[in-house]
Amino acid sequence: MSKLHVGVIGASGYGGAELVRLLLRHPHVQVTAVSSHQYTGQTLASLYPGFQDVCDLTFVEQDEVIAKSDCVFAALPSGYSEPIAEACVQQGKKFIDLGADFRLKDADVYEQWYDHSFQNEKLHADAVYGLSEIYHDEIEQASVIGNPGCYPTSAALGCYPVLKNHWAKGMPIIIDSKSGVTGSGKKLTEGTHFPRTNEAFAPYKVGCHRHTPEIEQTLSGFAEEPVQVTFVPHLLPINRGIVSTIYLHCTKKVDLEQIHQLYVDTYADAPFVRVLDLGKTADLKFVKYSNYCDISLHMDEHTGMFIVVSCIDNMVKGAAGQAIQNMNIMYHFEEDAGLKGIAPSF
Ligand SMILES: NC(=O)C1=CN([C@@H]2O[C@H](COP(=O)(O)OP(=O)(O)OC[C@H]3O[C@@H](n4cnc5c(N)ncnc54)[C@H](OP(=O)(O)O)[C@@H]3O)[C@@H](O)[C@H]2O)C=CC1
Ligand SMILES: CC(=O)N[C@@H](CCC(=O)OP(=O)(O)O)C(=O)O
């Protein structure tokens, strides 16, 4: 079988480089071209020495990436992807965006949080939100995918079964999330500088993070009614991984065993969602470098609060891995093709 030609725009960033790392071991694709904004003409290996002797690609202009690929990924800052998606659709190619440009459906909400506006409304209306486990059938038919944000992926998978079955009440849902520093990309800022983050730990953008509307849009879709969340992200002094601890009240008297069975049944056919046995607690250590989302379920018997812990690797299930899972669904490859790795055990 001939291989699918894929290209990565923004391969010099953390998300793009992670995509290339994973795509190189995919059995059904060939990475044909990669681009960067400031390193055009240099090799990927000169920027990231791990690619030495494995990948001899040189950064080219983004038009060349589109021309040489059947499926184009972009991992750019928000606001740059719409013309790329447009060019891909015009040329009959598929486009998967790791950024936020195609996640929000409401143009006003997008403008409010991202300071850009939709230029081509149809493109946004047709784009599919690429939460692989939930929107499998829509993803299969899509030409443009808005890959979900990292925090929203962990929150959505953690809440989906109870919201879908109308077992949650008493909004807002509290989502307390912690992320490794790679979540902020490779650019060096005062807030992500090693001496500042090392042995530090604090929340940021408390109650005003741009993932709030994305999480609310997704959870409201599950519940088929408006859902509000209080979302508080924290920066963990580690490279990778997200832990989201989610607090909800249940609508009816269900015990933890019933809720656990609901989660196990809901995700029975999902290759990358692992519902842990009761009594276990999800830990980012065991999802790092993998495409898994580990979910553990808990009940605070004192208050009746139901607590979900949802862990992912922000760079894999939260970005590059889920993008590849979506490509697998779009092209009818095995859903786990190129994504079979597990976390190191120590
Ligand atoms: N890191 C993460 O955990 C996740 C990131 N994402 C999203 O993926 C996207 C990329 O993030 P990430 O890889 O972390 O970011 P990085 O900052 O690591 O990389 C940014 C990329 O965009 C390129 N770029 C920067 N400015 C421009 C510009 N003006 N025009 C064209 N290209 C430009 C950079 O090129 P150059 O190197 O040449 O400057 C680089 O390739 C973002 O939208 C982010 O929100 C999504 C989920 C998780
Ligand atoms: C730790 C950190 O800074 N995380 C980023 C979110 C990760 C990311 O890149 O956002 P997307 O998933 O929307 O692309 C932030 O808070 O903006």
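**View 1. V6 of β1 and its bridge partner in β2.** In this predicted model, V6 is bridged to V31 of β2. The two strands, β1 (residues 4-9) and β2 (residues 29-35), run parallel and are joined by six bridges. Strands here are DSSP runs of E with at least two residues, helices are runs of H or I with at least four, and both are numbered from the N terminus. Two strands pair if DSSP finds at least two bridges between them.

Local features need pLDDT of at least 70 and side-chain atom pairs count only at pLDDT 80 or more, but totals for chains, interfaces and linings use all residues.

View 2. Strand β4 (residues 71-74) pairs with β1 in the parallel sense, over four bridges.

View 3. Together, β1, α1 and β2 form a right-handed β-α-β unit. Right-handed means that, with the strands pointing away from the viewer, the path from the first strand over the helix to the second runs clockwise.

**View 4. The shell around ligand 1.** Of 29 residues around ligand 1, the nearest are S12, G13, G15, G99 and G185; a residue is near if its C-beta atom, placed from the backbone, lies within 6 Å. Helices α1 (14-23) and α12 (316-330) each supply at least two shell residues, and α1 gives the most, with three.

Methods. Residues are numbered from 1 along each chain as its sequence is written. Chains are lettered from A and ligands numbered from 1 in the order in which they are written.
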